[in-house]
Structure formats: structure tokens, C-alpha cells
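Here are some notes for a colleague who is meeting this structure for the first time. Please read them with the sequence and the model side by side.

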Amino acid sequence: AEQSALATNVLSPLALLANVLFEQSAVATNVFSPLTHSADMLAEQSALATNVLSTLLALLADVLFQQSALATNALSSLLALLADVLFQQSALATNVLSPLAHKADVLFQQSALATNVL
């Protein structure tokens, strides 16, 4: 009986401590359960935001690439047109200046002849 009473006196505070620890565990579970749910939601939102940003960046890169190709084609066409215009102007200037050069040569020869005669 004495041992039983002694065991009861020893085990009773342990039972009380176990009960307190159980209650604290339940409180901790109630506190951390919503936090875990919030963490899960944040992870899902982060993944969604990553997918959205990835899609937008890919779309932007595609648009910029298409604009770059379009600008390259436009500039290439303009430069080719400019080169063609300059070539035609050069040919026209040659056609205009060639007879003038011939006339200048004739005048120079006449001047030399006149100098020799005079």
C-alpha cells in the first residue's frame, strides 16, 4: 500500500505533465496548421506567378525577335533602294559629264591650235 501510494505520488505529477504537454501539442497543432496551409497557398501562388512571368517573357522575346526581323528586312530593302538610286544618279552624271568632258577636250585642242597660230 505504501509503495502504491508512493508510486501514485510520483506518477501523478508525471501524468499531469503529460497532460499539459498533450494540451500544448494540440495548441501548437492548431497554431501551425493554418500556417502550413498558408505556406502551401504561397507556394502555389509563387508557382503560378512563375508560370505567368515565364509565359510573358517568352511572348515578349518572340515579339522582339519578330520586330527585329521586320526592322532588318525594312532596313535591307531601304539600303538596297538607296544603293540603286545612287548608282542610277552616278550613271546619269556620267552620261551628262561625258559630253562636257569631250567638249572641254575639243576647246583645249582649239586653244592650243590658236596659240600655235598666233
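**Notes on the model**

1. Gln-109 counts as partly exposed because its relative accessibility is 48%, which falls between the limits of under 20% for buried and over 50% for exposed. Gln-109 is found in helix α1, and its C-alpha atom is separated by 36 Å from that of Val-85, which sits 24 residues away along the chain. Please keep in mind throughout that this is a predicted model.

2. As for the fold as a whole, the chain has one helix and zero strands. The chain is more spread out than a compact globule, because its radius of gyration is 49 Å, whereas the globule rule gives 13 Å for 118 residues. Taken along the principal axes, the box that the C-alpha atoms fill is roughly 165 × 25 × 15 Å.

3. Helix α1 runs over residues 2–117, and with its 116 residues it reaches 163 Å from its first C-alpha to its last, which is close to the 172 Å expected at 1.5 Å a residue. Within α1 there is a kink of about 25° at Leu-11, shortly before the proline Pro-13.

4. How much of the chain counts as buried? Of its 118 residues, 0% fall into that class.

Key:
Residues are numbered from 1 along each chain as its sequence is written. This is a predicted model: local features need pLDDT of at least 70, side-chain atom pairs count only at pLDDT 80 or more; totals for chains, interfaces and linings use all residues. Side-chain values use heavy atoms; hydrogens and water are left out. Helices (H or I, at least four residues) and strands (E, at least two) are DSSP runs, numbered from the N terminus. The radius of gyration is taken over C-alpha atoms; the globule rule is 2.2 Å times the number of residues to the power 0.38. Buried means under 20% relative accessible area, exposed over 50%, partly exposed in between (1.4 Å probe, protein chains only). The expected span of a helix is 1.5 Å times one less than its number of residues. The bend at a residue is the angle between axes fitted to the seven residues ending there and the seven starting there.
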